[in-house]
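My notes run in the order in which I checked things.

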Amino acid sequence: MKSLLNLKARSGDQVFFTSVHPNLVLQIPKNSTMASHLYCHHFSQKLSFPSFLPKTNSSFTLLPTISLRYPCRPFAVSVSSHGHGGGGSGTISFTWDDVSRLSNSPGNHSSDLQGFFDKVKLCNRNSEKKNEFMPFVMENQIVGYVHNGFADHLRAFRNVFVFPKDNSYGSHFGCHVTLHPLLKTPEDRTAAFAEVVKSLGEELIPGIRNELYPVVSSFGTSIFFSMERAAAPYFGIKAYGVHMNGYVESNGQKFLWIGKRSEEKSTFPGMLDHLVAGGLPHGISCGENLVKECKEEAGIPESFSTQAIPVGAVSYMDIDRYRFKRDVLFCYDLKLPESFIPSNEDGEVESFRLVPISEVANIIRRTSFFKTNCNVVIIDFLIRHGYIKPEEFGYLELLQSLRSGDCS
């Protein structure tokens, strides 16, 4: 049995094939000069294969022939982009039927944690490249990190950025980056920084949202200034968010409400997501933000959303070329009545499904269908609700890995 995949991607994309059968042979064109990565999540293997590198950065079509030595069920394919722009600008193609089929198919033993470890690692890539970044310092405190290559673009803005020669912050470049001393107030700094982002434009900082994130040394401390959300990973500042597990109990079994993101989303289009999740912008508390997101993303009334229970936080540090994501996600659980049906109000969610927790665990282990950071939050849920037990090999290591970032 042979099938042909017409897969659209961009140069530099990572291509994820999700199969329920290990005997997978790929025939890839020979005129290739760039390495991509094939993830066979059924066996948690990472294999290298070449792919087309077009002369420009325009979209191209990869036409591998998939030969299956033995009959198997259909499989799904997704593409996620992690270039300079990052944030999953690629396309993805799977249906809820694919989700159901793969989560119910024979495969990983319930005690096999390797699939969970793989998803945590996807949020914590390239830690060995931290020495390519210089500290971003405000008032003698490190608030972020800037890639040396990206810093070259900032040197042109001499009235905004300065690069003092100083090794006291552990820089490998003999200097760090900070804002010009004449920018004394948070308001002046915010305005000057906004002009820089506007000047650099979408080519260097894609996905500008006109949404401000606070720049702080740690959560709850004084705000030095605010910056465009899309710029946060390019300056390595800590970004905070809220993720809520909306679940239902019925006949002694727990189910999790899962959303499928709109195909129009600029980041991770079409992928699975939490019922409610969002970044924490400037000037709003976690609880207030959660209530707002509950209303916009799932139509959850305030009488329900205010009952959500804060259950902790997860963190990760991910380096991708110029981007250094240092995220902390505050986790919430909300038990919903069986009669509740979510309804998206902001156009960012295509549809919802109520999925048994055991199947959600299989989706994480076997596929790349979830937006990457959702995996970490749901694994935390699985541990707290007893679906992953201490008797399983690697339990404590998995628990620790959920806070691989600077959780402060």
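What follows is my list of look-ups, from the whole chain down to single pairs.

**Ground rules**

I am working on a predicted model, where local features need pLDDT of at least 70, side-chain atom pairs count only at pLDDT 80 or more, and totals for chains, interfaces and linings use all residues. I number residues from 1 along each chain as its sequence is written, and side-chain values use heavy atoms, with hydrogens and water left out.

**Whole chain**

I looked up the secondary structure first. It comes to nine helices and 23 strands. These are DSSP runs numbered from the N terminus (helices are H or I, at least four residues; strands are E, at least two).

Next I checked burial. The protein has 408 residues, and 56% of them count as buried. Buried means under 20% relative accessible area, exposed means over 50%, and partly exposed is in between (1.4 Å probe, protein chains only).

I then took the accessible surface, from the Shrake-Rupley method with a 1.4 Å probe. It comes to about 18300 Å², and carbon and sulfur atoms hold 51% of that.

I also looked at contacts, meaning heavy atoms within 4.5 Å. Among those between residues at least 6 apart in sequence, 67% join residues at least 24 apart.

**Salt bridges**

How many salt bridges does the structure hold? I find 18. The criterion is a side-chain nitrogen of Lys or Arg within 4 Å of a carboxyl oxygen of Asp or Glu.

I started with Arg101 and Asp98. Their closest N and O atoms are 2.4 Å apart. Both sit in helix H1 (residues 96-104), three residues apart, so about one helical turn separates them. Arg101 is partly exposed at 24% relative accessible area. Asp98 is buried at 12%.

Lys295 and Glu345 came next. This salt bridge spans 3.4 Å, N to O. The pair links distant parts of the chain, 50 residues apart. Lys295 is in helix H5 (residues 286-298), while Glu345 is in the loop between strand E22 (323-335) and strand E23 (349-356). Lys295 is partly exposed at 43%, and Glu345 is partly exposed at 46%.

Then I took Asp333 and Arg384. Their closest N and O atoms are 2.7 Å apart. Asp333 is buried, at 7%. Arg384 is partly exposed, at 31%. I followed the shared partners and found one network of Asp333, Asp380, Arg384 and Arg403.

**Helix H8**

Why is H8 largely enclosed by the rest of the structure? Because 12 of its 13 residues are buried. Among them are Cys374, Val376, Ile379, Asp380 and Phe381. After H8 comes Gly386, with a positive phi near 80°.

**H1 against H7**

At what angle do H1 and helix H7 (residues 357-366) pack? I read about 90°, with the axes 8 Å apart. Axes are lines fitted to C-alpha atoms, for helices over the stretch in contact, and angles run from 0 to 180 degrees between N-to-C directions. That makes H1 roughly perpendicular to H7 (65 to 115 degrees).

H1 brings Val99, Leu102, Ser103 and Asn104 to the contact. H7 brings Glu359, Asn362, Ile363 and Arg366.

Methods: Parallel < 35°, antiparallel > 145°, perpendicular 65-115°, else oblique.
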